[in-house]
2 protein chains.
Amino acid sequence: MENFTYYNPTALHFGKGVLDKMPGIISKYGKKLLLVYGKGSIKSNGYYDKLMQQLEEAGFQVVEYGGIKSNPLVEDVDAAAALGRSENVDVILAVGGGSVIDSAKIISITIPVQHSAWDFYTYRAKPKSAVPLIAVLTLAATGTEMNPFAVLQNEKTGRKDGYSSELIFPKHSFLDPELTYSVPASYTAYGIADLIAHCLENYFGKGECTLSDRFIFSIINDAIEWGPRLVKNLHGYEERAAIMYDATMALNLLTANGKSGGDWGVHSLGHILSLLFDVPHGASLSIIFPAWMKVFRDQAGDRIAFLGKNTFGTNGVQETIEAFETFFRGIGTPTRLSDVNINSDKHEAILAQWIRNKAEGSCYKPTHDDYRQLLSNME
Amino acid sequence: MENFTYYNPTALHFGKGVLDKMPGIISKYGKKLLLVYGKGSIKSNGYYDKLMQQLEEAGFQVVEYGGIKSNPLVEDVDAAAALGRSENVDVILAVGGGSVIDSAKIISITIPVQHSAWDFYTYRAKPKSAVPLIAVLTLAATGTEMNPFAVLQNEKTGRKDGYSSELIFPKHSFLDPELTYSVPASYTAYGIADLIAHCLENYFGKGECTLSDRFIFSIINDAIEWGPRLVKNLHGYEERAAIMYDATMALNLLTANGKSGGDWGVHSLGHILSLLFDVPHGASLSIIFPAWMKVFRDQAGDRIAFLGKNTFGTNGVQETIEAFETFFRGIGTPTRLSDVNINSDKHEAILAQWIRNKAEGSCYKPTHDDYRQLLSNME
């Protein structure tokens, strides 16, 4: 087992009706809040009106920044931070999925400074403080609600990168599975792919920890049990609750303990697909992971077979890869580039960007030939 | 899945040499510390001298309270709190196993008040603040290093009870598996029994959460894999590390998520054995758990069989109970009262105290006949 530090101070409030206690908790941090949300799904599903009424009744003064995109942009973060700074807000309330909460995390450390949030991503600046952040999760997928990570995209520099700081843990996160009922089957499936991919990235990382492996198998097996039921029953409370909890546990640091870090190569490759073609994050991962396992079937053969044995009960590398592909397809998340309308004429553009961004993991480093093989496997 | 709140702000520093960074972390809280430890094992194994030198070099002023007993007494807690209060310490450093760290937790909330710590246990008083607590774990067993629980014994009232408060989470816990090398085989085995019992208490609790069940099986299976190797190789780093990490995860709230609480009946029964006959905590649990499963084999039959299937790969209730007994015996922790020299002439005393203290769980309530059957099963 490798040395590790495990620290996760986010308070997770999970279940039916937990939002009722939210105003009491927010008010500990102040009465003026910056509400951050996305492109309007909270308006179309009716939650926005309910929330505004709840906040008004509790006497909060609300400054709004809506319109965060699903592959969130640093330009939005900078604009929201400028607003929060000029309005001198006490606390941030982020309502949404990964993109909204990731953005709000970086807004929280950008409000106290006078430069672009991107300076944190390029390590030109280091955050020293953060405006307290409360999150309400509306989409089970990224695990951002209980971790110190945030991914942003910079259209100018053509990069999509992750950032990590202990300052950006949400203070409290509220997870009511009923709030995810309106997520369509497609995005529900991408979320399941995302959470499984998080488990796999840590699984294929450096170092050995048998308990972390077991926790990883636990989460994947839970998703295998509940995922297919959920996509058939989008208003099933138990189904929504199980997948929502799986997604949180899949990337809240737990499964990285005793190892010296995950691989994260597939995420690095997937970010390029999102950047170039706006492919939903989870969809990019379900396309790439099986293809990636095929490329690294020799180097990672034992690990792939052990994974399959402990999840799908498969025997050997080939069966394992096929089981993941079949599972992903079964829940409705793509496994080929053509499924998201990216045809072979786009391969060179993807390849060039992978090479330019050095898209690789900490353990598994694709060569140029591997990149080509990967594209061919995704065809 | 039941509603839950999951909050655990303890920073866990795990691995070889992690104690080197301890002084830097303690000094954030102040320079005057109350050092709490047990009956001298840290002196006999040489760690005490090393620690004192480390603290002295870092410029700490150290006030000492040693001699905490293995079934810790409220009298010691009150005396240590009086010392910490009069010396106006900034921070508490607890070095030891469950009894020392549990005591230090209650000392941390008793220093700021003027009454006995027992008033918290009887709910006559509620803690409002705590002196920051740093823990160094020297025995893998109770999970106290990363939870808000503390068990104390009151000799006057004849009770041994648990207490919980968010104020008593250690701020930081340092877990170096090498520090547990000197724990003898017996206490190593009791620790393994304790961690498995913690998993079982949550497993037999109210509510259903498939992921929590899976995490529970993960921890038990990890202990089944590493426990027998460890008792044969007490200086094995990987063995010590695995069991130490298992013990922390077995009772750091994780496995209770999505349920409305564990049963805790076996703990309640076991505390009486410790109280009356000073039976080591873990030993009391390995004696009682199989006997308890036999008593509740009808009520909890499906759960017992499901547990066995997912841990020892057994088929049915009887095989499962036998597998646990065989495992416990194999690592050297007792499964019968006679193993700890408690003969049948003591049964009436145990029975009377169980009845007096209403020793039962939140789900499974033994009748007087059940108590008698339990004693008979433990013979």
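View 1. A:Pro334 is found in the loop that links α13 (317–331) and α14 (347–357) of chain A, where helices (H or I, at least four residues) and strands (E, at least two) are DSSP runs numbered from the N terminus. This is a predicted model, in which local features need pLDDT of at least 70 and side-chain atom pairs count only at pLDDT 80 or more, while totals for chains, interfaces and linings use all residues. Residues are numbered from 1 along each chain as its sequence is written, and chains are lettered from A and ligands numbered from 1 in the order in which they are written. A:Pro334 is buried because 24 other C-beta atoms lie within 10 Å; with C-beta atoms placed from the backbone, a residue is called buried at 20 or more such neighbours within 10 Å, exposed at 12 or fewer, and partly exposed in between. Leaving aside residues up to four places away in sequence, A:Pro334 touches A:Ala283, A:Ser286, A:Ile287, A:Asp339 and A:Val340, a contact being a pair of residues whose C-beta atoms, placed from the backbone, lie within 7 Å. The C-alpha atom of A:Pro334 is separated by 9.6 Å from that of A:Ser186, although the two residues are 148 residues apart along the chain.

**View 2. The open sheet that runs through chains A and B.** The sheet has 12 strands in the order β3(A)-β2(A)-β4(A)-β5(A)-β8(A)-β1(A)-β1(B)-β8(B)-β5(B)-β4(B)-β2(B)-β3(B), with mixed pairing; two strands are taken to pair if DSSP finds at least two bridges between them. Its edge strands are β3 (61–65) of chain A and β3 (61–65) of chain B, each of which pairs on one side only. Direction ignored, neighbouring strands of this sheet are turned by 25° against each other on average, with axes fitted as lines to C-alpha atoms, for helices over the stretch in contact, and angles between N-to-C directions running from 0 to 180 degrees. Within chain A, β2 (residues 32–37) and β4 (residues 91–96) run parallel and are joined by five bridges, and A:Val36 has A:Ala94 as its bridge partner in β4(A). Helix α4 (residues 74–87) of chain A packs on the sheet, touching β2, β3 and β4 of chain A, and its direction makes about 160° with that of β3(A).

**View 3. The meeting of chain A and chain B.** In this interface, 32 residues of chain B are in contact with 32 residues of chain A. On the chain B side, the elements that give two or more residues are β1 (4–14), α8 (210–232) and α9 (237–250), and β1(B) gives the most, with 10 residues. By class, this side of chain B has 16 nonpolar, nine polar and seven charged residues, where Ala, Val, Leu, Ile, Met, Phe, Trp, Tyr, Cys and Pro count as nonpolar, Asp, Glu, Lys and Arg as charged, and the others, Gly among them, as polar. Strand β1 (residues 4–14) of chain A runs antiparallel to β1(B) and is joined to it by seven bridges; A:His13 has B:Thr5 as its bridge partner there.

**View 4. Strand β8 of chain B and its neighbours.** Both faces of β8 (residues 172–175) of chain B are covered, with B:His172 and B:Phe174 buried on one side and B:Ser173 and B:Leu175 buried on the other. Four bridges pair β1(B) with β8(B) in the parallel sense, and the partner of B:Leu12 in β8(B) is B:Ser173. Strand β5 (residues 133–137) of chain B also runs parallel to β8(B), over three bridges, and here B:Ala135 has B:Ser173 as its bridge partner.

**View 5. Two non-glycine residues of chain B with positive phi.** B:Asn88, which is not a glycine, has a positive phi of about 55° and is placed in the loop between α4 (74–87) and β4 (91–96) of chain B. B:Asn88 counts as exposed because it has 12 C-beta neighbours inside 10 Å. B:Trp264, likewise not a glycine, has a positive phi of about 70° and lies in the loop between α9 and α10 (265–277) of chain B. B:Trp264 counts as buried, because it has 21 C-beta neighbours inside 10 Å.

Key. Contact = placed C-beta atoms within 7 Å.
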